[in-house]
Amino acid sequence: MFRESDIRMLDKSYFNIVLTGDYDVTVQSKNTGHSWYIHNPEYPGEDACIIFHKHNASHPYHRHGRAGNLWQAIKSIKGHDMFQMNGRRYV
């Protein structure tokens, strides 16, 4: 479950806050326009948050990864944004 204090500390200069709830947070990166849905099913132990991602509003979400808490999820999202903004390198 996300605490109200966690939700209040979301960086509004970095994200458009789409939806917040006890178990779900949806944000959109102002840098890339990508949408992110973070779900907390309250499983005990590590990697309690599941991170979903989509590139465009019309696309479906796909699983991006897991994080131990909301702040680790946000760190992962910002890392992905840096990867996108610095140009994807294809092999």
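**Core and overall build**

Of the 16 residues in the largest nonpolar core, the ones touching the most other members are Phe2, Val25, Ile38, Leu70, Ile74 and Ile77. Such a core is a set of buried Ala, Val, Leu, Ile, Met, Phe, Trp, Tyr and Cys residues joined through side-chain atoms within 4.5 Å; buried means under 20% relative accessible area (1.4 Å probe, protein chains only). Heads up: this is a predicted model, where local features need pLDDT of at least 70, side-chain atom pairs count only at pLDDT 80 or more, and totals for chains, interfaces and linings use all residues. Numbering runs from 1 along each chain as its sequence is written, and side-chain values use heavy atoms, with hydrogens and water left out.

- At least two core residues each come from β2 (24-29), β3 (35-39), β4 (49-54) and α2 (70-85).
- The biggest giver is α2, with 4 residues.
- Leaving aside residues up to four places away in sequence, Ile77 touches Phe15, Trp36, Ile38 and Ile51 (contact means heavy atoms within 4.5 Å).

**Fold and size**
- You get 2 helices and 5 strands, in the order α-β-β-β-β-β-α; these are DSSP runs (helices H or I, at least four residues; strands E, at least two), numbered from the N terminus.
- The C-alpha atoms fill a box of roughly 40 × 25 × 25 Å along the principal axes.

**Burial and contacts**
- Buried residues make up 33% of the 91 in the protein.
- Among contacts with a separation of 6 or more, 28% link residues 24 or more positions apart.

Methods:
Buried < 20%, exposed > 50% of the residue type's maximum accessible area, 1.4 Å probe, protein only.
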